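Here is a short report on one protein model and its ligand. Please look at the structure first, then read on.

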Amino acid sequence: MSAPRWVSAFAPASVGNVAIGFDILGFAIESLGDTVTVSRVERPGVSISAVSGIAGELPTNPTENTAGRALLALYEALRPGFGFDMRIEKGIPLGSGLGGSAASAVGAVVAANALLGEPCDRHQLLTFAMQGEAVASGSLHVDNISPSLFGGLVLTVGIDQPRVKRIPVPEGVRAVVVHPHRFLATREARAMLRREVTLSDFVWQTANLAGFISGCFTNDLDMIRASFQDVVIEPQRQALIPGFATVRAAAMAAGALGCSISGAGPALFAWALEAQAAAVLAAMRSPLCADGTALDEWVEDMRSQGARVVASG
Ligand code: HSE
């Protein structure tokens, strides 16, 4: 069989942080994602010939584009002997907090890797995709890249040599995700954060992260509910998301296990048992829609397989 001329890969959206794992924990959302097509071209280097879908204004200079920078990192490491041209179909709204920049970067490296006959494993692809994420947010963080690449709920430890651990989501737990149609720049939502954390908040947040992860491994929903609270980042960022405190209170009153900001926002998410998911969604929707804001919403089981090749030719 001859080598393909082009490969398309789909990379899912994701919820970063998951309340208590700032920059290190995230889960994939299969209902939406970006599709990136990488073609081999004679001219060496990396180019972007099209950005379509719900794209807004995205740069096509590869060094300024998240997918372009990720593909450049792979290209420079592997030197394939031909060039890559890329077309990006955006299915994730920009500035939504749903991991759009990560998905484009992941889609690019998964498609290019397939085009080259899979020389890299997913851990190597992770390090290339991380270079792309840095373009969008100004820092190397992995909480959207890892779930988009590996699927499911994922913890990533380390930046230079990231180690990825899939965390089991207890049976019957669903993610409720709502996206009010507003733009929020991740870079600004990061710049506003204080650089220091008090000792008591440090203790509380590490206890919550440990409690949440052990609760996932032991199917302990009470532990998950008790520890599903971000005491460091969310109190600072909620000012950027009008109505957040009301939405969170409504979700918890409707039976959610926890509710927080998706990544840098403005999308919000909750975890709930399947039987309560519809009520939690309705509770979150009504305060957000009260002023006429349009909304997208999803209920997900979080059993995602991560990025994958969807077509080639
Ligand atoms: N962990 C990142 C943040 C995710 O909250 O800034 C941004 O998508």
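## Loops, ligand site and helix packing

Asn17 sits in the loop that links strand S1 (6-16) to strand S2 (25-41). Strands (E, at least two residues) and helices (H or I, at least four) are DSSP runs, numbered from the N terminus. The phi angle of Asn17 is near 75 degrees, a positive value in a residue other than glycine.

This is a predicted model, where local features need pLDDT of at least 70 and side-chain atom pairs pLDDT 80 or more, while totals for chains, interfaces and linings use all residues. Residues are numbered from 1 along each chain as its sequence is written, and side-chain values use heavy atoms, without hydrogens or water.

Gly265 and Pro266 are joined by a cis peptide bond, with omega about 10 degrees.

**Ligand site**

Asn17 is also one of the residues around the ligand.

Which ligand atom lies 2.6 Å from a polar side-chain atom of Asp23? It is a nitrogen atom. Arg190 and Arg237 face oxygen instead: a side-chain N or O atom of Arg190 is 2.6 Å from a ligand oxygen, and one of Arg237 is 2.7 Å from a ligand oxygen. A polar contact is a pair of N or O atoms within 3.5 Å.

**Helix packing**

Axes are lines fitted to C-alpha atoms over the stretch in contact, and angles run from 0 to 180 degrees between N-to-C directions.

| Helix pair | Axis distance | Angle |
|---|---|---|
| H1 (66-78) and H2 (100-115) | 7 Å | about 35 degrees |
| H1 and H3 (122-137) | within 7 Å | roughly 145 degrees |
| H9 (244-253) and H10 (274-289) | within 8 Å | roughly 160 degrees |

H1 crosses H2 in a right-handed way. Right-handed means that the near helix is turned clockwise from the far one by less than a right angle. Contact here means heavy atoms within 4.5 Å. From H1, Thr66, Ala67, Ala70, Leu71 and Leu74 meet H2 residues including Ser101, Ala105 and Val109. This contact has eight nonpolar, four polar and no charged residues. Ala, Val, Leu, Ile, Met, Phe, Trp, Tyr, Cys and Pro count as nonpolar, Asp, Glu, Lys and Arg as charged, and the others, Gly among them, as polar.

H1 also passes H3 in a right-handed crossing. Among the H1 residues that meet H3 are Thr66, Arg69 and Ala70. The contact of H1 with H3 has nine nonpolar, three polar and one charged residues.

H9 and H10 are therefore roughly antiparallel, a class for angles over 145 degrees. Their crossing is right-handed. Thr246, Val247, Ala250 and Ala251 in H9 meet Val280, Ala283, Met284, Pro287 and Leu288 in H10. Eight of these residues are nonpolar, one is polar and none is charged.

How values were computed:
Parallel < 35°, antiparallel > 145°, perpendicular 65-115°, else oblique. Near = heavy atom within 4 Å. Polar contact = N/O pair within 3.5 Å; in protein donor to acceptor, adjacent residues only side chain to side chain.
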